[in-house]
Amino acid sequence: MAIMTRTLGRTGATVTILGYGAMELRGLPRGPEIADEDAGRLLNAVLDGGINLIDTSPDYGRSEELIGAYVGHRREEFFLASKCGCPMSPPADAPPPYPHDYSAQNVRANVEQSLRRLRTDRLDLVQVHMSPSAATLAENHTVETLTELQAEGKIRFIGMSGIRPHLRDHIAMNVFDAFQIPYSAVQRDHEELITEAAATGAGTLIRGGAARGAASEEKNWRTGPLTQDPGVGQRNWETSGIEGLLAEAGMGTMEFILRFTLSHPSLSTTIVGTSSIDHLGGNIAVAEKGPLPDDLYEEAKKRLPLPD
C-alpha cells in the first residue's frame, strides 16, 4: 500500500497525508539523544517509506543541518517546510518557548540561514512561528518581508503556525497559503478553525495529530497536547467510553488516534515526529490505512468532548 495524498490547498502541491516533523532531531538537551548517522538513516527511511513532506524550524536545534546533510541530495523528492520569527541564537540557559522576533531583519536572517543549513535554493513553505497577533505582524512588516523573499524565489509559499486566540484573525487576513494547527482526538479545540482555514483555499498541516503519543503504553499520559492543562486529555479519554468502542472495533489506541486526525475532512497532512525508525514504520503502516470508517469516526466524535 501507499500513503494517500491530498492537495495542500491553493499551493497546488500534492502531499502525503502523513508528513514528518523533524523536531525530534533537535538533540539534547531538549530532545532525545540521536547520533548524526542514525538521524540520516531515519530521514532516508522517511522518504523511502513514501512520505513526501518534511517540516522543520530554526528552533529545532540541528534538525535543519541534518536534513541538509543526509537528504539534501534528494531535495526533489519532498516538500520542505520551515519557520521564521525564531531567535538566531536561542538562549542556552532558558527553556523554550523563547521570545520570537518578527522583524524584517530577523525573518530574512532566518530564511537565509535555513537555506544554508538545508543545502537548498528554496523553501517550499515558510511559516510564521508561535502565532503572533495580526498587530505584531503589521508592526514588523512580517508578511511584506515574506512576500519579498517569495518574489526573490527563496520561498514558494507563506504560512502561519497558528493557534487560538489569533488564528481566526490570521485566517481573515487571507494572505497565508497554509496553516499549521494543533489537533487530535484528545485536543479538538481547533476543529472548526481547520475547516474555516481550508474554506479560504489554504492548505492545512496538522501538528500533534498523534497526541504526542500521550496514550501510548510507554508514555501513559505523562505528556499531553501542548496548550492543554495536565490531566485534561487523560480525563476526557477515560470518561468518554472510547476504549470500549475501540475494543468492539478491534483497534489499538494509537492507531485510532492517528486515524482520527486523518479523518478530518479539511486535513491536507498531519505532521508526526519521531527519532525511532520502528515508530516511523508503525506510523507509516497506520497512515496507509487512511481515515477511520465513517461510522466509527462519527461515533467517536460524539463520545470525545469538544472544549467548552
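Which residues in helix α2 (residues 63-71) are buried? Select α2 and you will find S63, E64, L66, I67, G68 and V71; buried here means under 20% relative accessible area, exposed over 50%, and partly exposed in between (1.4 Å probe, protein chains only). Before going on, note that this is a predicted model, in which local features need pLDDT of at least 70, side-chain atom pairs count only at pLDDT 80 or more, and totals for chains, interfaces and linings use all residues. Residues are numbered from 1 along each chain as its sequence is written, and side-chain values use heavy atoms, with hydrogens and water left out.

**Stop 1: around α2**

Now show what covers those buried residues: the cover includes α1, β4 (53-55), β5 and α3. Contact means heavy atoms within 4.5 Å. The helix and strand names come from DSSP runs (H or I, at least four residues, for helices; E, at least two, for strands), numbered from the N terminus.

**Stop 2: the barrel**

Next, colour the strands. In the order β3-β4-β5-β6-β7-β8-β9-β10, 8 strands close into a barrel with parallel pairing; two strands pair if DSSP finds at least two bridges between them. On average, neighbouring strands of this sheet are turned by 30 degrees against each other, direction ignored.

Zoom in on strand β5 (residues 79-84) and strand β6 (residues 123-128), which run parallel and are joined by 4 bridges. Opposite A81 you will see L125 in β6, and opposite S82 stands V126 in β6. Strand β6 is mostly covered, with 6 of its 6 residues buried.

**Stop 3**

Select H129, placed in the loop between β6 and α4 (134-140). Is H129 buried or exposed? H129 is buried, with a relative accessible area of 10%. Leaving aside neighbours within four places in sequence, its contacts are S57, D59, Y60, K83, C84, C86, H100, Y102 and S161.

Step along to M130, in the loop between β6 and α4. M130 is not a glycine, yet has a positive phi of about 75 degrees. At 38% relative accessibility, M130 counts as partly exposed. S131, also found in the loop between β6 and α4, has a positive phi of about 55 degrees although it is not a glycine. S131 is buried, with a relative accessible area of 6%.

**Stop 4: a cis peptide bond**

Move to the loop between β7 (155-161) and α6 (167-173), where P165 is found. The peptide bond that joins R164 and P165 is cis, with omega about 10 degrees.

**Stop 5: two packed helices**

Show helix α3 (residues 104-118) and helix α5 (residues 142-151), which pack at an angle of about 40 degrees with their axes 9 Å apart. Axes are lines fitted to C-alpha atoms, for helices over the stretch in contact, and angles run from 0 to 180 degrees between N-to-C directions. To see what meets, select A104, V107, R108 and V111 in α3 together with T142, T145, L146, E148 and L149 in α5.

**Stop 6: the cores**

Finally, select Y20, L25, L146, F179, F256 and F260, which touch the most other members of the largest nonpolar core, a set of 72 residues. A nonpolar core is a set of buried Ala, Val, Leu, Ile, Met, Phe, Trp, Tyr and Cys residues joined through side-chain atoms within 4.5 Å. Helix α1 (residues 36-48) gives the most to this core, with 6 residues. A second, separate core of 11 residues includes L8, L125, F157 and A178.
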